[in-house]
Amino acid sequence: MYILYFFLIWMGVFAIMISFSFFKFLKPFNLMKKGKYEQCITLFNEQVERNQNKWKMRNQNYYNIAVVYHRMGKFDESIETLEKMNKDKFDKNIRLSFFNLYAQNLIFLGKDRDKAIQYLEESTS
């Protein structure tokens, strides 16, 4: 009987720990939604630092930072952030998102139209 109580308490603690991690993960997105872009970038940068050897996570966080800069109208900074991503470690979704966002930034800046078209084509293939 005590084992059952211990197990139930342990499962409750575990569930609480997971929910805190999940809500902590969502915090930068909530800040972005509220227009608190600088705080959002800070949190995404912290996640980049925490995931030094995990390129999939780093790429996702760099992409998120680039999206924030794009929303702020800082298209050069968005491109600079996209350039930090490890293109050899792209999965299909991040690859398509990368090319799409990169092309949008180039279009808004009025730079390198040919490269923008090439990236838009790659984002749809």
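This note covers helix packing and salt bridges in a predicted model.

1. Helix α4 (residues 75–83) packs against helix α5 (residues 92–109) at an angle of about 150°, the axes lying 9 Å apart, and the two helices are therefore roughly antiparallel to each other. The crossing of α4 past α5 is left-handed. On the α4 side the contact is made by F75, D76, S78, I79, L82 and E83, which meet F98, L101, Y102, N105, L106, F108 and L109 of α5; by class, these are 9 nonpolar, 2 polar and 2 charged residues.

2. Helix α3 (residues 55–72) and α4 cross at roughly 170°, with axes that come within 8 Å, so this pair, too, is roughly antiparallel. Here Y62, Y63, I65, A66, Y69 and H70 in α3 meet F75, E77, S78, T81 and L82 in α4, a contact that divides into 7 nonpolar, 3 polar and 1 charged residues.

3. The whole structure contains 5 salt bridges, among them that of E38 with K74, whose closest N and O atoms are 3.9 Å apart. Because E38 belongs to helix α2 (residues 37–50) and K74 to the loop between α3 and α4, the pair ties together parts that are 36 residues apart in sequence. E38 is partly exposed at a relative accessible area of 47%, and K74 is partly exposed at 31%.

4. E46 is partly exposed, with a relative accessible area of 37%, whereas R50, at 53%, is exposed.

Note on methods
Residues numbered from 1 in each chain as written. Predicted model: local features only at pLDDT ≥ 70, side-chain atom pairs only at ≥ 80, totals over all residues. Heavy atoms only, no water. Axes fitted to C-alpha atoms, helices over the stretch in contact; angles between N-to-C directions. Helix = DSSP H or I, 4+ residues; strand = E, 2+ residues; numbered from the N terminus. Parallel < 35°, antiparallel > 145°, perpendicular 65-115°, else oblique. Left-handed = near helix turned anticlockwise from the far one by under 90°. Contact = heavy atoms within 4.5 Å. Nonpolar A, V, L, I, M, F, W, Y, C, P; charged D, E, K, R; others polar. Salt bridge = Lys/Arg side-chain N within 4 Å of Asp/Glu carboxyl O. Buried < 20%, exposed > 50% of the residue type's maximum accessible area, 1.4 Å probe, protein only.
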